[in-house]
Amino acid sequence: MKFQLYIILFLLLGTALHAQTPDQFFKASGTPANPKVDVSWNRYNTAEGLAEIAKKIAAAYPELAKLSSIGKSYQGRDLWCLTITDFNSGDPDRKPGFYIDGNIHSNEIQGAEIAMYTAWYLTESFDENAFIKDLLTKRIFYIVPTINPDARNDYMQGANTAHSPRSGMIPIDDDRDGEYDEDGYEDLNGDGHVSQMRRKNPYGRWIDDPRNPGRMIRAENDERGTYENLGYEGIDNDGDGQVNEDRVGGYYDPNRNWGWNWQPEYIQSGSHQYPFSIPEDRAVADFIMAHPNIAGAQSYHNSGGMILRGPGSEEDERVYSRGDIQVYDAIGNLGEKIIPGYRYLVIYKDLYSTYGGEIEWFHGGRGIFSFTNELYTSYLMYNKTETDAQDRVDFSKRLLFEDDVIAWEPYDHPVFGPIEIGGTKKNSGRADPGFLLETDAHRNMAFTLYHAAQMPDLVIEEIEEKDLGGGYLQVTAVVGNLAIIPTHSDHDIKNKITRPDFIKLEGAPVVSGLRVLDRLMNRTEEQESNPAQISVPNISGMDAVTVRWIVKARPGADYTITVDSMKGGVVSRSKE
Amino acid sequence: MQHHPFLLTLLFSAFTLALPAQERYHSPDELETSIRQLERQYSDWLEVSSLAKTVEGEDIWLLTIGSGPTAEHPALVVAGGVDGSHLIGTELALGVARELLAGAGTDSIRQLLATTTFYIFPQLAPDAAKQYFADLRYERHLNGRATDNDRDGYTDEDPYEDLNGDGMITMMRISDPTGNYLPHPADERILTKAKSDAGTSGQYRILTEGTDNDHDGNFNEDGPGGINFNENLTFNYEPFQAGSGEYAVSEPESRAVLDFLYNHWNIFAVLTFGPSDNLAAPMEYKPSNRQGRKISGILQEDAGVNKMLSELYGEFVKPPKGAKTTTQGGGFMEWAYFHFGRFSFGTPGWYLPTWEMPKDSTEREKFKPNEDKNKEVDFLRWAEDAGLEEAFVPWTAVEHPDFPGQTVEVGGIAPFVMTNPPYSEVPALVKKHTEFVMALAKKRPQVELVNVRSEKVDDGLWRVKAAVYNSGDMPTTSEIGDRVKWLKSLRIDLKLANGQELISGRKVTLLSSVAGGGSSEMSWLIKGNGNISIEASAPHCGRSEESLNLR
């Protein structure tokens, strides 16, 4: 009661503070024009900021969104999950599920915003868009915007570059000297970014770029330099003669700690101790194990404009059968069209070999069709594939007005003496610039929603009765899948990861159950035990299976046929 | 007062005799009672903790044995019961703990416990081990998690059934001309595979005792449980096998044990009493053990250490000739070496005795020749000599619902007897293995600073030298340990007095490994007089500190 009052107050207050009223808007196609939850999609949010948006969405749409914590991070933050579906239709827990997360690498921040944009878009569009309504009627989304909230905040608020930290916040003794994270970066000039240090030195190999003042380039081979590059901002904290050599969180990699082909440190750097020894990964794994209805998944990283599928290593080629790859190709190739500048690639072939990756576990360990998108690409600067260093300088100048640049300023360094600090801010290079963030979010979401729509969509297409005489009725049912993704990947069938689909007849006594292998030629295979509930190993995409029962009943008898598929959901049809 | 070790041993033996002697394997409940009793009796040397509860609520016990700051002393892990059917492993681990504690008053053991810590896990698969003591006895390997072993969508739906009512699960033989088995020529109780090329044809099908509850054509393929602890760890882990789980280290007990071990940097080696064996015959190095970054077999330096320990084991326990190295995917012993990076040794602790034909010719005639050296035939002959009762359950006909009109007999070698010795052999095995454990512990790496000296270079300028010496027989770090993050480097710290300055050399030096009996020479150039100290340490090879006054 109190809570409802709070919501009403909140909404009233929200309206009152709004400078504009709905009659002042004209809808742009494809975007909610008058959302209940106002979010700016051109900036980034801390872990707490994300939690706040998630709470608002759940409060504004109680019939569509529920907020829960799937576990705690190393430092004790909640890993917030928005569960989104039409809770008023069907059994939500049995709908085919789609899992989305972002930010597994802490400096790859925009995945969280893109995941959150998806949650926001689905809830705000449900009432006004038939496609979204149908999607939320048939599917359930589990959206965990950040699975690395600790280090996300450290990236944003701590002394970091665009590339740090990549891991979480568990201290690791990288140099095995018995001390942990004892020599990290310092933001010496206090501008909120760790940038470069340089020192005037005639034997340095760097000079000021004559075309782009403030930018350093390498001197020609026979040219004397002006500057020595001293690396990222910092000091020698532990007095061991090295600067910044044992930094926070380094090095373990939350995306090498998953339970498929996990390998130790000497094979896979950063894999940590054993599958799911990292608490954030364990929370996700427990969640996935507890939700066997999840049939599709998407993980958001940055950067480079890639739609990646497994395998992560060559030896796992066998894990991706030709049939499974056809499914991936159908979705991935469309993705290249939906997100211009993004390329659909295979991790081990086109990127590098990895073991113990998240989406490889989804596919290999759980039979879930999954992609990783590497968000943002230099393509988006000028919508062209080939870009060079000068393009980047120009983009900064003409479109960002050098908001991403830190001008060189003198600094008196305790070890290096008089130096200069400057370069680029940590929000440049990997994270989408503000004006591109919403575009990138929408296109990536559209790709993911297509994937979600292609999860198994089961229907009982036909029920045929034939009177066999002597009180026996032959009932034949055709169960179809109207989407691309099968109820079981080939890898799943081979390893029996997900239990078979059950097709059961209830309401009439069943004496025999048959899988129909060829209906025209009347080729069948009997299931001797439990004939009322026929197990079928799979219902392929855009295909159908046929089953048959011999029932002790007369024509016109009442009974119900139910398809019960772990990843395909539950569908019933009654014959009355 | 100087204790006489022999007298003490004698006194102690008298004391143990006074206690009711254990006459059978410890059930998990009896194990707890024994552990609690040790805890009361030897609180100065023993700390007991439970690291986790299994799905069935059984404790994973850890016995920490040592004196003083045990976490700061190099430690040996002794693990038993990694497989639920390997009961002897639990007896050996518990027995070693008891012997060490009982002898803690003697000089040799007291000194050992003052410098070396023992982390003893007597039972890592308690859920499964309980089956030996249950109303229905069978060799179980799986913990209590309800799993769908045959992955047909139904959980635990096809267990064993005790058809002959003897409280044990053995085998069934079904008279069937399509079967592949026939009685062994040397002992017709034993069934052996027919060989069509030798002109023999089968008479029996053999299956485990029970019915096909779910009528899927497979017998007893999905009974209670679960996950096998010793198939659930990360080295050569195979997913989706019955017992291996959905992913490696999936169980509360496996996670708790690994978390404990990863948090104890002082562990220098792991000894496992279980199915895996690299003590009867050591793991051998082959260049193909390393392919790129992958390591599939023991590394060269470590193979030397394994060989040394295997020879040491042979001095105390005499494994039968021809015993082979045995390893297992997902196993604990294998994990401890390949992924934990520690020296890791394994032995079943008891080997199936060999049986020799009597020399006497009239005696010989009683036995038909066992031409293919069938192990079961030899085992039954040994069992009879050893007076082992109930080693064999005679074949008895039963009515079987799945084979109407066919002759079905239940019988065969009783469960457990081929992998676990008669209990009467346990005390002697415990004694031998305790001696081995102590000898192993004495071979551990120990860092010592020796030959610490100074040379005056000029007024107020000193050259200081020292050798970092490993007085143990094992290297300070295994070759593989240097490739994982989970062992500390050997660290040498130089501490200067106020006003002194280091001109050359490092304040902190990290060494990867020093061979057994080997050393590494250090040198520093220091300006200024005063006291300096040098410390060499690593959690798993101890600590040594030396001071010098430069003046």
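Analyst: What follows is a set of questions and answers about this predicted model.

User: Why is Q203(B) called partly exposed?

Analyst: A residue counts as buried with 20 or more other C-beta atoms within 10 Å of its own, and as exposed with 12 or fewer. Q203(B) has 18 such neighbours inside 10 Å, which falls in between, and therefore it is called partly exposed.

User: Where does Q203(B) sit, and what is it in contact with?

Analyst: Q203(B) lies in the loop that runs between β7 (187-193) and β8 (204-208) of chain B. When neighbours within four places in sequence are left aside, its contacts are S175(B), G179(B), Y181(B) and L182(B). The C-alpha atoms of Q203(B) and P183(B) are separated by 8.4 Å, although these residues are 20 apart along the chain.

User: How does helix α11 of chain B compare with its expected length, and which of its residues are buried?

Analyst: Helix α11 (residues 426-442) of chain B has 17 residues and reaches 24 Å from its first C-alpha to its last, close to the expected 24 Å. Its buried residues are V426(B), V430(B), H433(B), T434(B), F436(B), V437(B), M438(B), L440(B) and A441(B). The elements that these buried residues pack against are β3 (75-80), α3 (87-102), α4 (107-115), β9 (267-273) and α7 (300-316) of chain B.

User: What makes β1 and β11 of chain A edge strands?

Analyst: In chain A, 8 strands form an open sheet with mixed pairing, in the order β1-β2-β4-β3-β9-β12-β10-β11. The strands β1 (65-72) and β11 (343-346) of chain A each pair on one side only, and are the edge strands. Direction ignored, neighbouring strands of this sheet are turned by 20° against each other on average.

User: How do you know that β2 and β4 of chain A are paired?

Analyst: Two strands pair if at least two bridges are found between them. Strand β2 (residues 78-84) and strand β4 (residues 140-144) of chain A have 3 bridges, in the antiparallel sense. T83(A) stands opposite Y142(A) in β4(A). Helix α6 (residues 279-290) of chain A packs on the sheet and touches β1, β2, β3 (97-102) and β9 (294-302) of chain A, while its direction makes about 130° with that of β1(A).

User: Which residues make up the contact between the two chains?

Analyst: The contact takes 28 residues from chain B and 25 residues from chain A. On the side of chain B that touches chain A, α6 (252-262), β11 (294-295) and β19 (508-511) of chain B each supply at least two residues. The residues of that side divide into 11 nonpolar, 5 polar and 12 charged.

Notes:
Residues numbered from 1 in each chain as written. Chains lettered and ligands numbered in written order. Predicted model: local features only at pLDDT ≥ 70, side-chain atom pairs only at ≥ 80, totals over all residues. Helix = DSSP H or I, 4+ residues; strand = E, 2+ residues; numbered from the N terminus. Contact = placed C-beta atoms within 7 Å. Nonpolar A, V, L, I, M, F, W, Y, C, P; charged D, E, K, R; others polar. Axes fitted to C-alpha atoms, helices over the stretch in contact; angles between N-to-C directions. Expected span 1.5 Å × (residues − 1).
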